[in-house]
Amino acid sequence: MALTKSEMAERLYEELGLNKREAKEIVELFFQEITDCLVHNEQVKLSGFGNFELRDKRERPGRNPKTGEEIPISARRVVTFRPGQKLKVKVENYEGDERKG
Amino acid sequence: MTKSELIERITERQPHLSSRDVELSIKTILEHMAEALSDGERIEVRGFGSFSLHYRSARQGRNPKTGEAVLLDGKYVPHFKPGKDLRESVNLSISQE
């Protein structure tokens, strides 16, 4: 079970009274606008939730795990997410299985 | 881009909706996501990525002011894994600069 875009849209329809098409479009635009920013190397700061940041990684030596052959991992740009304080506090006390182990 | 800029950009693209409706929608989406994670539920958005919780074991820490040792409880932290499409399009942008 996982939260998906369709459930997010469903909630906008139920709680805010948007029609189903509008609700779906807003959810799509939400992720689209964030993606567009990141693709333009612009970070996204959603206060309370967290920040999406970009990091440029230099080329580094790697290995094909199957053959053991050495191949360089090319320079790349990656997205990282830094959760905000509010979100961190909200999830830290989740009573998951690993806590018992 | 901040949350208020995100609201502006979406309002520009949805001219039939008031910025108040868009603002409430964005807040509702973010609350829904935070609520799912706090219930230990994953979030999966195809192409964009997934959010889940990672466990951090209890550890011995220190009070930075006094230097006193304190036992820190284990805790869960949010984790984001970018989806294939996001990973590839962000990485393409590096070669276009």
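What follows is a set of questions and answers on the interface, the sheets and the salt bridges of this predicted model.

Trainee: How many residues of chain B are in contact with chain A?
Mentor: Count each side of the interface separately. Chain A brings 53 residues to the contact. On the side of chain B the number is 50.

Trainee: How much area do chain A and chain B bury between them?
Mentor: Take the kind of atom first. Carbon and sulfur atoms carry 68% of the buried area. The total between chain A and chain B is about 5000 Å².

Trainee: Which residue of chain B forms a salt bridge with A:Arg11?
Mentor: The rule finds three salt bridges across the interface of chain A and chain B. In the one with A:Arg11, the closest N and O atoms are 3.0 Å apart. That is inside the 4 Å cut-off for a salt bridge. The partner is B:Glu35.

Trainee: Which element gives the most to the side of chain A that touches chain B?
Mentor: Several elements of chain A give two or more residues to that side, including helix H1 (5-16), helix H2 (20-39) and strand S3 (50-57). The top contribution is 15 residues. It comes from H2(A).

Trainee: By class, how many charged residues are on the side of chain A that touches chain B?
Mentor: Sort that side of chain A by class. There are 28 nonpolar and six polar residues. The charged residues number 19.

Trainee: Which residue is the bridge partner of A:Ala2 in S1(B)?
Mentor: Here strands of two chains pair. S1(A) runs parallel to strand S1 (residues 42-45) of chain B, over two bridges. In S1(B), the partner of A:Ala2 is B:Arg42.

Trainee: Which are the edge strands of the four-strand sheet that includes S1(A)?
Mentor: Read the order of this open sheet: S1(A)-S1(B)-S2(B)-S5(B), with mixed pairing. An edge strand pairs on one side only. The edges are S1 of chain A and strand S5 (75-82) of chain B.

Trainee: What angle does H3(A) make with S5(B)?
Mentor: Two helices of chain A pack on this sheet. H1(A) touches S1 of chain A and S1 of chain B, and its direction makes about 100 degrees with that of S1(B). H3(A) touches S2 and S5 of chain B. With the direction of S5(B), H3(A) makes about 120 degrees.

Trainee: Which residue stands opposite B:Ser50 in S5(B)?
Mentor: Strand S2 (residues 49-56) of chain B and S5(B) run antiparallel, joined by eight bridges. Opposite B:Ser50 stands B:Lys81.

Trainee: Which residue of S6(A) stands opposite A:Arg55?
Mentor: Move to the open sheet of three strands in chain A, with the order S2-S3-S6 and antiparallel pairing. Its edge strands are S2 and S6 of chain A. Eight bridges pair S3(A) with S6(A). In S6(A), the residue opposite A:Arg55 is A:Val78.

Trainee: At what angle does H2(A) run to S2(A)?
Mentor: Start with the strands. Neighbours in this sheet are turned by 25 degrees against each other on average, direction ignored. H2(A) lies across S2, S3 and S6 of chain A. To S2(A), H2(A) runs at about 140 degrees.

Trainee: Which residue in the turn between S4(A) and S5(A) has a positive phi?
Mentor: Strand S4 (residues 60-63) and strand S5 (residues 70-73) of chain A pair antiparallel over four bridges. They form a hairpin with six residues between them. The phi in question is about 80 degrees, and the residue is A:Gly68.

Trainee: Which residue forms a salt bridge with A:Arg21?
Mentor: The whole structure holds 12 salt bridges over all chains. In this one, both residues lie in helix H2 of chain A, four residues apart, about one turn of the helix. The closest N and O atoms are 3.3 Å apart. The partner of A:Arg21 is A:Glu25.

How values were computed
Residues are numbered from 1 along each chain as its sequence is written. Chains are lettered from A and ligands numbered from 1 in the order in which they are written. This is a predicted model: local features need pLDDT of at least 70, side-chain atom pairs count only at pLDDT 80 or more; totals for chains, interfaces and linings use all residues. Side-chain values use heavy atoms; hydrogens and water are left out. Contact means heavy atoms within 4.5 Å. Buried area is the accessible area (1.4 Å probe) that two parts lose on being put together, summed over both. A salt bridge is a side-chain nitrogen of Lys or Arg within 4 Å of a carboxyl oxygen of Asp or Glu. Ala, Val, Leu, Ile, Met, Phe, Trp, Tyr, Cys and Pro count as nonpolar, Asp, Glu, Lys and Arg as charged, and the others, Gly among them, as polar. Two strands pair if DSSP finds at least two bridges between them. Axes are lines fitted to C-alpha atoms, for helices over the stretch in contact, and angles run from 0 to 180 degrees between N-to-C directions.
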